[in-house]
Amino acid sequence: MTIRDMIDKLDCSLAAGTEEMLDQEITGVYCCDLLSHAMAKLDPGNVWITIHTNLNVVAIASLTNVACVLVAESIEIEEQTLARAVEKQVVVLSSAKTAAELSFELFCLLRKAE
Amino acid sequence: MGQMIIRDFDIPANDFSVAGEASSTVRKLLSQLGVAPDRIKRTAIAMYEAEINAVIHGRGGKAHVEISGDKIIIEISDEGPGIEDLELAMQEGYSTATDSIREMGFGAGMGLPNIKKHADELVIKSEKDKGTVVTITVNF
């Protein structure tokens, strides 16, 4: 499943990133707001679900090579974070759903796609 | 890789707009050198944690990186307040970070334990009011 497929199936919208970046395959999902944990556990190609929207999220997403960051609960994403995401080529998505709902739905979608 | 590669970075204090840049540059470099992905991941995690510690606690500092054929040695040094009780600081969950740092998702007392977990060797030298030097080695 690519990021584009996920956007279609999982009610979420693109906050940062270009069309061609959406072809990346998703390898899994991880949900955590503790940055040390997230950094240690995120694998390349993962979707990282978080409610943080500060600059450090982009730094960690870039370091871990995740497929995208998915911000839950429509939390407003800081402008400098979006600008940095564009600069670092990190895809950022936003959804009104909670982190728990997104994790569950994405997990089911990934299982189905296997 | 025959020759040793040396890189130096400045780590500005309390500036999250560039926090992680040194680690990110090193990760890219290791990737270009063809180092195994799991070794790159360990290096990136350990170095990023140490870099963030220098940003948050050390009033900024410097990173000195040496890459040879079989390992990377990262030295992160600061002239900050030093670590008062190193044994305590190494304990998971112990942190002296402020509320504003915690609100960003740091300050859970995971930094130093995370470095220890991902480094093959970790040496910390710290002196009160003089600063801290964290030396991380990851074998390839």
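1. Let's start with a handy rule: the expected span of a helix is 1.5 Å times one less than its number of residues. Keep in mind that what you have here is a predicted model.

2. Now try the rule on helix α1 of chain B, residues 21–32. With twelve residues at 1.5 Å a residue, α1(B) should span 16 Å, and its end C-alpha atoms sit 17 Å apart, so the two values agree.

3. Which residues of α1(B) are buried? They are Ala22(B), Ser23(B), Ser24(B), Val26(B), Arg27(B), Leu29(B) and Leu30(B). Have a look at what they pack against: in chain B, the partners are β1 (5–11), α2 (37–56), β2 (61–67) and β3 (71–78). Chain A joins in too, through α3 (55–64) and α4. Then, just after α1(B), you come to Gly34(B), which has a positive phi of about 80°.

4. Here's some background on backbone angles. Most residues other than glycine have a negative phi. Keep that in mind for the next two points.

5. Ser74(A) is not a glycine, yet its phi is positive, near 50°. You'll find Ser74(A) in the loop of chain A between β4 (68–71) and α4 (79–88). Is Ser74(A) exposed or partly exposed? Its relative accessibility is 44%, so Ser74(A) counts as partly exposed.

6. Over in chain B, Asp129(B) is another non-glycine residue with a positive phi, about 65°. Asp129(B) lies in the loop between β4 (121–127) and β5 (131–139) of that chain. The cut-off for exposed is over 50%, and Asp129(B) has 59% relative accessibility, so it counts as exposed.

Terms used
Residues are numbered from 1 along each chain as its sequence is written. Chains are lettered from A and ligands numbered from 1 in the order in which they are written. This is a predicted model: local features need pLDDT of at least 70, side-chain atom pairs count only at pLDDT 80 or more; totals for chains, interfaces and linings use all residues. Side-chain values use heavy atoms; hydrogens and water are left out. Helices (H or I, at least four residues) and strands (E, at least two) are DSSP runs, numbered from the N terminus. Buried means under 20% relative accessible area, exposed over 50%, partly exposed in between (1.4 Å probe, protein chains only). Contact means heavy atoms within 4.5 Å.
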